[in-house]
Amino acid sequence: MSGYQVGLLVILCFNVIAAYAVYLPLAAGQLNLGIAGFMAVGAYTAAYLTNEMAWPLASAVVAGGAASGVLAMIVAIPILRTHGIYLALATFALGQVISAVFLNLEVVGAAAGYQVIAYAKPWMVFATTAGVVLFVFLLSRTRFALYLTAIKNDTVVSDLLGLNVRALQVAAFAIGAAIAGVGGGLYGHHFSFVEAQHFSVALSVYTVLYVLLGGTQTVWGPLVGAAFFTLIPELLRAGGGWRYVLFALFIIGFMALRPQGLVTPALGRWLSGRRRSTEQVTS
């Protein structure tokens, strides 16, 4: 593959990781608009550990994810007392606070950014993305995923049925933040530089759009949504400066016609039925 193709796939991988970080809390009915902040925590933590503490790259990236997860568990207790738009605003504010902290933290370069010595090769990005997708897929096959769906549908009934709603919500929020931290740590080491300005609210909003466009009802929705948002603008390059206008109009039209997203359980059942029909015909 050419350098351009490899670079595009790397960007797609980072978008996929971020999308799954949003997907997990969203599966429990939590809209996290501060996901960029948790990516920043992972990026700066991992970069500091490899630069100043001489940690191996893999260990530093995992530690960055763990730091994001621990922070999420701490802040989730007060934040998850809110619901709906208030929860979205609370997570939005949290992301801004985290970004502002790193923007003024001299030990990691403050506004000038932080140079990262260790380098994460593209194959490491690909392997980590595959691991994240596999992890979320396996998690979707457990009772934990069923509990999250139940909480999203009705928290009161879930509580009456004996589910520890608050603990499950905190777990989903923390796991999503940990995935974001891993993605952030990997991002900083691949591009060899970390700056707080990159982890802005726009990054969080785009990531949420990946999940909403792909669909929140299946585990494959975030993957498809991230791929769509990453690859389609490149295919529209022939439109020049109009490509983003065309892309935006396409998204508006698509969401008006299919608000449930690209991938739904009904689509999965239809494809499965078509595959079985084809196998019967060929046999």
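Predicted model: local features only at pLDDT ≥ 70, side-chain atom pairs only at ≥ 80, totals over all residues.

Biologist: What radius of gyration does the chain have, and what would a compact globule have?

Modeller: A compact globule with 283 residues would have a radius of gyration near 19 Å, and the protein chain has 19 Å, so the two agree. Along its principal axes, the C-alpha trace spans about 60 × 55 × 40 Å.

Biologist: And what share of the residues is buried?

Modeller: Buried residues make up 46% of the 283 residues in the chain. As for how the chain meets itself, if you take the contacts between residues at least 6 apart in sequence, 77% of them join residues at least 24 apart.

Biologist: Let's turn to helix 3; what is its length, and where is its kink centred?

Modeller: Helix 3 has 23 residues and reaches 32 Å from its first C-alpha to its last, which is close to the 33 Å expected at 1.5 Å a residue. There is also a kink of about 25° in helix 3, and that kink is centred on Met73.

Biologist: Which residues of helix 3 are buried, and what do they pack against?

Modeller: The buried ones include Leu57, Ala60, Val61, Gly64, Ser68, Ala72, Val75 and Ile79. The buried residues of helix 3 pack against helix 2, helix 4, helix 5 and helix 8.

Biologist: What about Tyr44 and Phe102, why do they count as stacked?

Modeller: Their ring centres are 4.3 Å apart and their planes are at 10°, so the pair counts as stacked. Tyr44 lies in helix 2 and Phe102 in helix 4, so this pair ties together parts that are 58 residues apart in sequence. Both Tyr44 and Phe102 are buried. Elsewhere, ring pairs link Phe14, Tyr187, Phe191 and Phe199 into a cluster.

Biologist: Which residues have the most contacts inside the largest nonpolar core?

Modeller: That core has 79 residues, and those with the most contacts inside it are Tyr20, Phe38, Tyr44, Phe102 and Phe199. Helix 1 gives the largest share of this core, namely 15 residues.

Biologist: Back to Phe38, then; what does it touch?

Modeller: Not counting residues up to four places away in sequence, Phe38 touches several residues, among them Ser68, Ala72 and Val75, which are also listed as buried residues of helix 3.

Biologist: One last topic: what is the phi of Ala54, and what is the phi of Ser192?

Modeller: Ala54 has a positive phi of about 60° although it is not a glycine, and the phi of Ser192 is near 60°, again a positive value in a residue other than glycine. For background, most residues other than glycine have a negative phi.

Biologist: Where do they sit, and is each one buried or exposed?

Modeller: Ala54 is found in the loop between helix 2 and helix 3, and it is exposed, with a relative accessible area of 63%. Ser192 has its place in the loop between helix 8 and strand 2, and at 18% relative accessibility Ser192 counts as buried, because buried means under 20% relative accessible area.

Key:
Residues numbered from 1 in each chain as written. Heavy atoms only, no water. Helix = DSSP H or I, 4+ residues; strand = E, 2+ residues; numbered from the N terminus. Buried < 20%, exposed > 50% of the residue type's maximum accessible area, 1.4 Å probe, protein only. Expected span 1.5 Å × (residues − 1). Bend = angle between axes of the 7 residues up to and from the residue. Contact = heavy atoms within 4.5 Å. Phe/Tyr/Trp six-rings, centres within 6.5 Å; stacked < 30°, edge-to-face > 60°. Core = buried A, V, L, I, M, F, W, Y, C linked by side-chain atoms within 4.5 Å. Rg over C-alpha atoms; globule rule 2.2 N^0.38 Å.
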